[in-house]
Amino acid sequence: MTKALEIKSLRKVYRGGLEALKGLDLTVNEGDFYALLGPNGAGKSTTIGIISSLVNKTEGEVKVFGYDLDTQLADVKRQIGLVPQEFNFNQFETVEQIVVNQAGYYGVPRKLAKERAQKYLTQLGLWDKRNDRARTLSGGMKRRLMIARALLHEPKLLILDEPTAGVDIELRRSMWDYLTLINSQGITIILTTHYLEEAETLCRNIGIIDKGRIIENTSMKLLLSKLNVETFVFDLEPYSNSPTMTGFTMRELDNHTLEVDVPKERGLNNVFEQLTAQNMKVLSMRNKANRLEELFVDLVEQGRNQKESV
Amino acid sequence: MSMAMNLTALRTIWIKECTRFLRIWVQTLVPPAITMTLYFVIFGNLIGSRIGEMGGVSYMEFIVPGLIMMSVITNAYSNVASSFFSAKFQRNIEEMLVAPVSTMTIILGYVGGGVARSLIVAVVVTVVSSFFVPLNIQHFWLIVVTVILTATLFALAGLVNAVFAKTFDDISIIPTFVLTPLTYLGGVFYSISLLPQFWQTVSQANPVIYMVNAFRYGFIGVSDINAYVALGVLVLFNLVFFALAWSLLHRGVGIRS
């Protein structure tokens, strides 16, 4: 299978001595929808910065669709479309100027750039706004503008750094649909996000990065199967006698809410049986946190404990 | 990237730069016209009539080439300095850095924008001056070559300034403390032959002297310095500043971490 991205032993030491990446290895296959997760300061943005040549690497090897970052920089750049975390377009230019100019920097002739601008701005619901200055757009529109801008030279690899930060749920879901669509059309996507639900919904494979190293690189399915205990919140009819729960860890939040840790092998049936036996009526039930969120926290903590014990 | 693609990128940057200064024409094209009109009225007409001749021509005729050159210098410099620094500040410089645009293309695009603005301003100021003094041209091509080389040099200098600048203050310090003194002491308002020998020698270290004199020679055929020497100095300064700008941008100074 063709490798869209291949990173070996990547190190970055910033001026001042901060070592942001400590020998990072990462491979993303062509056609993948890959999530790169990690806590703040883990090295996600530095990694993306190096791939997109905004940050100079200290050591290591980066290849994009087989092109080497050191020796075939122009070819590497042509493969990548970057949607950065912060708005980085000229706020005084119009929507159309921004995307057409970006295509121009990649050598796309103006006529073709204008045709593509119409195509991508229409797909992202911005064609009506093409003559508006970028600063007048809403936050969600600005995010979509950055996606359109990144697609104008028709890259094979799209990298999105927190693309839905500050975007409302409805718009976020429409962006997910769009990203899923272009991924199905063959564009490889790498995404960093703080919304773990987003990673779980969209991505097939996942890498978790912490303190400059990849601590987990696997498929989303495999990762989620590692989740042994899930916490459920039960809304009960108000009670006067506190319930008891054998074989489960339980916390009472108030006189009608319980939090129960449920090991995967035991399942939920026994929880319901015990509550029913005590005449507790379950009104509703939900996951306390996103499943991936629990795993993410566990993995990052495990990684840190291991390092501390070393 | 192929030559055709690089030309497309260059055209894109140049058009973007021209669109920028034309969009804010009230801030970029009108002020030099007003300032120069005041210079012509006060120094040329009112005070100049009492000064008499300088270099064999009326004082007004003497200062016109210098004043045009002053506008060219200021506008070429400030256009590139402020546009490139704004691109750094708003981070839209990243649009170019992620694309396969060569360093040479970025320099030529930005400098081309600065030269375009300063040439438009030069034409505007020349037209304004023609209301005060008849336009006299002795060596047309010398004027053209000098104005382009001067505009290019100061556009490059503005680019270097913007590369190093970290705040908006940093792009106004050089114009205030370096450019203005060099221009005022660069023979715009006087012939350096009026200075004592020592200061004449010191003045020759000021590059603006060469530009103003070559330009003035093109208009009125009078110069303190040989026009070809002046052009040679201009070419030399251009090469030095181009090499400096290329080296800085290629290494990513101020734009890549």
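**Group meeting: a look at a two-chain predicted model**

Okay, let's start with two helices in chain B: the axes of helix 4 (residues 59-89) and helix 7 (residues 140-164) come within 7 Å and cross at roughly 30°. Helices here are DSSP runs of H or I with at least four residues, strands are E runs of at least two, and both are numbered from the N terminus. The axes are lines fitted to C-alpha atoms, for helices over the stretch in contact, with angles running from 0 to 180 degrees between N-to-C directions. That crossing of helix 4 and helix 7 of chain B is right-handed, as in the near helix being turned clockwise from the far one by less than a right angle. The contact residues split into 18 nonpolar, 4 polar and 1 charged.

Some housekeeping. This is a predicted model, so local features need pLDDT of at least 70 and side-chain atom pairs count only at pLDDT 80 or more, while totals for chains, interfaces and linings use all residues. Residues are numbered from 1 along each chain as its sequence is written, chains are lettered from A and ligands numbered from 1 in the order written, and side-chain values use heavy atoms, leaving out hydrogens and water.

Over to chain A. Its secondary structure comes to 10 helices and 14 strands, and its C-alpha trace spans about 75 × 50 × 40 Å along the principal axes. Of its 310 residues, 51% are buried; buried is under 20% relative accessible area, exposed is over 50%, and partly exposed is in between (1.4 Å probe, protein chains only).

Now, salt bridges, meaning a side-chain nitrogen of Lys or Arg within 4 Å of a carboxyl oxygen of Asp or Glu. Which residue of chain A does B:Glu95 pair with? A:Arg149, with the closest N and O atoms 2.7 Å apart. That pair crosses between chains, from helix 5 (residues 93-97) of chain B to helix 5 (residues 139-151) of chain A. Both B:Glu95 and A:Arg149 are buried.

Within chain B, B:Arg91 bridges to B:Glu94 at 3.0 Å between the closest N and O atoms. Here B:Arg91 is partly exposed at 34% relative accessibility, whereas B:Glu94 is buried at 11%.

In chain A, A:Glu61 and A:Lys63 form a salt bridge, closest N and O atoms 3.9 Å apart. A:Glu61 is partly exposed at 30%, and A:Lys63 counts as partly exposed too, at 26%. Then there's a salt-bridge network linking A:Lys3, A:Glu6 and A:Lys8.

How values were computed: Nonpolar A, V, L, I, M, F, W, Y, C, P; charged D, E, K, R; others polar.
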